[in-house]
Amino acid sequence: MDGAGRLTRSVRSVGPQADLKAAAIGAVVLLRERLGRRARVPAKPTIDREPPNRLVRLVERYLPNRLGVTLTVLMLLGSAGLGIVKGGHVDEFMVAVSDTRNALANSAGFRITEVAINGRKQLSQDEVLAIGGVNGRSSLLFLDAATLRDKLKANPWIADATILKLYPGQLQIDIVERTAFALWQQDGRLSVISEDGAVLEPYVSRRFVTLPLVVGKGADVRARDFLALLDRYPQVRSVTKAAILVGERRWNLRLKDGLDIRLPENDVGNALAMLSKLDKEDKLFSRDIVAIDMRLPDRLTVQLSEDAAKAREELFKDKKTKKKAGDSA
C-alpha cells in the first residue's frame, strides 16, 4: 500500500495489455488501407482537345465507318499496279493471273485432255497448238475460241480456222491451209508464197525446190495470173527457170540454159505463142543465142553469143573475100 492507503499496481501487469491493444489498432488500420486501395479504380486520364471543325464533323457523320480502311487498300492496290506497269511486268502479271485461274478450272475437271486437229498438211499438231497458245496449263473453261481463231488466222499458212469446245475436256480445231504456190525472190531474199501472194515462210526447206520462181518487186501478187498464162504454152514453160517482173510492168523469162527472153508489156499471149511456134519449127531455144527481144510489136530481135557472133563475122568476111576474088577474076 502507498502512503495514502491505496494499493500499488504492478508495472508488469499494465504493459502487456497496452501492447496488445496497440497491435490490434495497427492491424485494423493496415486492413482498412489495403481494402481501400483495392476498391479505388484509377481514373482515366482525360485529353483536352479542341472541338473539330465543321468539315471534320461532316466527314465523321456521313462517311461510312470503314471507308478509311477501304481507301487505304485501294491506294495500296493502285501503288502495286503502278509498280507493275512502270516495271514492265504487265505481261508476266497477266500470265500469272491466267495460269492461276486455269489451275483452278483444271482442278475442277476442265483440263484439256484430248485435242483433234483436222486439215493440217504443212503444219504439225504441236505447231498449231503453239500458234494458238494452247499448252498443258490451258483449261477448256477459260479458253476463248474467238481469240484462238484469230491467233491461228494470223499465221500465213492458215487461211481459216474453226474452233469447237466439247466439255469437259475435248478441243477440236479445223483449219484450212494455204498451198505453197511459188518461190519469190526480192533483194536477195527467197520466200515461199501462196497463190494470193502471201509470204508463207523463208525458203529453207528443199521440199519446195520444184516450185516456179518469180523475181522482182510486185511479182508475188502478179505471179498467179502470169504463170497461169505461161501454163498454156508448155513448150515455153518446160524450159523456163524464172519469170522476172521488170519495173512492175512487164515480164522477162530466164530459160534453164541462160537464154533471156524480153516479153512485151502488152499482148503477152501472142508473144508466147510465137516463141512456142519458133521453137517447134526452127529449134529457136537450141540456137547459139543469149537473148531474144520481143518488146517491139512488129519485129523479133535475136542477140547471138560471142562465139556465134565471131563465127558469123568470120562467115561474112569469107563471103566478102570470095566475092572480091570473083570480081577480080
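Where is the place of aspartate 293? Select aspartate 293 and you will find that its place is in strand 11, where strands (E, at least two residues) and helices (H or I, at least four residues) are DSSP runs numbered from the N terminus. Before going on, note that this is a predicted model, in which local features need pLDDT of at least 70 and side-chain atom pairs count only at pLDDT 80 or more, while totals for chains, interfaces and linings use all residues. Residues are numbered from 1 along each chain as its sequence is written, and side-chain values use heavy atoms, with hydrogens and water left out.

**Around aspartate 293**

Aspartate 293 is buried, with a relative accessible area of 17%, because buried means under 20% relative accessible area, computed with a 1.4 Å probe and protein chains only. Show the side chains next: that of aspartate 293 makes a polar contact with the side chain of arginine 295 at 2.7 Å, a polar contact being a pair of N or O atoms within 3.5 Å, of which, within protein, one must be able to donate a hydrogen and the other to accept it, and residues adjacent in sequence count only if both atoms are side-chain atoms. Leaving aside neighbours within four places in sequence, aspartate 293 is in contact with Arg262, Arg299, Leu300 and Thr301, where contact means heavy atoms within 4.5 Å.

**Out to the sheet**

Now select residues 260-262 and 289-293, which are strand 10 and strand 11, paired in the parallel sense over three bridges; two strands pair if DSSP finds at least two bridges between them. Arginine 262 has aspartate 293 as its bridge partner in strand 11. Widening the selection brings in an open sheet of nine strands with mixed pairing, in the order 6-5-4-7-8-9-10-11-12. At its edges are strand 6 (199-202) and strand 12 (301-304), each of which pairs on one side only.

**Into the core**

Which residues have the most contacts inside the largest nonpolar core? This core has 30 residues, and those with the most contacts inside it are Val214, Phe226, Leu253, Ile261, Leu263, Leu272 and Leu275; a nonpolar core is a set of buried Ala, Val, Leu, Ile, Met, Phe, Trp, Tyr and Cys residues joined through side-chain atoms within 4.5 Å. Finally, centre on leucine 272, which, leaving aside neighbours within four places in sequence, is in contact with Leu229, Leu230, Tyr233, Val236, Leu253 and Leu263.

Technical notes
Buried means under 20% relative accessible area, exposed over 50%, partly exposed in between (1.4 Å probe, protein chains only).
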